[in-house]
Amino acid sequence: MDWIQGVIDYVPANAALLRELTGNHLVQSILPIVFGVIIAVPLAQIARLNRSAGAVMLTASSLLYTIPSLAMFVFLPLVLGTSILSMVNVVVALTIYAVALLMRSTVDALNSIDDGVRQAAVAMGYTPLRRFLTVDLPLAVPVLIAGIRVISVTNISMVSVGALIGVPSLGRLFTDGLTRNYPEQIAVGIIATLLLALVLDLLLVLLERVLTPWTRATSSRTARAAALDARTVAA
Amino acid sequence: MDYSSSNLFVQMGEWLSDPTNWSGARGIPMRVLEHLGYVGLTMLIACAIAVPLGMYVGHTGRGRVLIVSGIGILRALPTLGMVFLFALLFYRGVLPSVWALVLLAVPPVLSGVYAGISSVNRTVVDAARSMGLTEAQILFRVEVPNGLHVMIGGVRAGILQVVATATVVAYAKADGLGVFLVEGTQINDNGRLFGGAVVIAVLAIAVDGLMALIQKFAISPGLRATPPPAGSSEESGRQEAVASAQGGTT
């Protein structure tokens, strides 16, 4: 199998390039997740408190979600005034998708919290903000992380599309490999992308365990089942 | 093409309204048809694989862990890389690109079908079984009609992703709507670049709207008459299944 040898030989010979592209790729995959959570959680709370505003926001976000990423990458420089080669375009586009996906599931997660828990917090004298941050939000973490895991996997695959318009990422290995007729290079890119997705997913599972210490004794799978049970009880 | 202004929006408008761009083998309608051809062929193959598999796993519960992890790995595959790799390894034709797109379409369809079948209330299934329905009858007369909304949700998510991603095929083999982006970049024709991007976005929104309509009518009349109370556990479970089935676009 010559091509496997070719793939193995490629890595040490291009270590510096691979490191740089992987770094760029990670920045463009992780920043949208962080921004997405920061934007989606308050929006979800607003959508819950004001149903008509919520309906408008959910419709708008699902419409934006429908716009293909390549079209989005081409358009955003026009709207933002950035260079077409800028990583900002990719980060903004993926943030929009992340917000669209997270908002809906966060609304559901917040809605499913047992009202008794909320009332207990109110009775203990929690202000609305403190209750939201220390009671509602932690209880929504399992659902939030489930959404983030879907986003992280799709982001890592989507970031490479930016290479088509010249934004540096592991996708560069695909475009370069195609023009140079070099399938081994493309294979290295695919394997590197898969590894990134796997590592990030494992980190997210770990993060969920750290953020939900009350489920520490059990596995994350049973934690999600428990979250579903809690939701059934609430309903 | 010559534009009357250097403003990009004006150039985009002029490119979109130029009648020569709306006719011939290189015009917008032909490219839309090529694009939809890729989507149709891809979805046909993807559904032929994923629908029976999802029904089997959803009905029997066997192989659940296997397909969940398989779906995870397929989701992480960068479709751009797969399209280019297949183009180099096989040939720069239609079929290698379609197979790369099938790898993209299978996860949402599979998880939608699986979630649809397994989200059906187990007491309903047990009732059907105790009435003497065979397993095949339970699947096609009880589970499929009840789970159809979620199943079509999975197909809808798959179509959305394929419509968006079929654009990259143009970089390996010059057809489909991505061609306008490739040409626009190569010859530095911004009207073509942005106009092409508009056509892609409009097509994606139109196809998704059509699928939303189909999905709406796919609710069995018996279920439509008595909607489950809002916020019931069954409903929220269903929404969660839909959300997980629809994750991700490209």
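**Figure 1. The interface between chain A and chain B in this predicted model.** About 3,700 Å² of area is buried between chain A and chain B, and carbon and sulfur atoms account for 79% of that area. Chain A brings 41 residues to the contact, while chain B brings 45. If you are looking for salt bridges between chain A and chain B, the count is zero.

**Figure 2. Helix α2 packed with helix α5 in chain A.** Here we turn to a pair of helices within one chain. Helix α2 of chain A covers residues 15-49, and helix α5 of chain A covers residues 87-111. Their axes lie 6 Å apart, at an angle of about 40°. That angle makes α2(A) oblique to α5(A), and the crossing of the two is right-handed. Sorted by class, the residues in the contact of α2(A) with α5(A) are 20 nonpolar, seven polar and one charged.

**Figure 3. Helix α6 beside helix α7 in chain A.** The crossing of α6(A) and α7(A) is right-handed. To find the contact, look on α6(A) for Val117(A), Arg118(A), Ala121(A) and Val122(A); on α7(A), look for Arg131(A), Val135(A), Asp136(A) and Leu139(A). By class, the contact of α6(A) with α7(A) holds five nonpolar and three charged residues, with no polar ones.

Methods: Residues are numbered from 1 along each chain as its sequence is written. Chains are lettered from A and ligands numbered from 1 in the order in which they are written. This is a predicted model: local features need pLDDT of at least 70, side-chain atom pairs count only at pLDDT 80 or more; totals for chains, interfaces and linings use all residues. Side-chain values use heavy atoms; hydrogens and water are left out. Axes are lines fitted to C-alpha atoms, for helices over the stretch in contact, and angles run from 0 to 180 degrees between N-to-C directions. Helices (H or I, at least four residues) and strands (E, at least two) are DSSP runs, numbered from the N terminus. A crossing is left-handed if the near helix is turned anticlockwise from the far one by less than a right angle, and right-handed if clockwise. Contact means heavy atoms within 4.5 Å. Ala, Val, Leu, Ile, Met, Phe, Trp, Tyr, Cys and Pro count as nonpolar, Asp, Glu, Lys and Arg as charged, and the others, Gly among them, as polar. Angles under 35 degrees count as roughly parallel, over 145 as roughly antiparallel, 65 to 115 as roughly perpendicular and the rest as oblique. Buried area is the accessible area (1.4 Å probe) that two parts lose on being put together, summed over both. A salt bridge is a side-chain nitrogen of Lys or Arg within 4 Å of a carboxyl oxygen of Asp or Glu.
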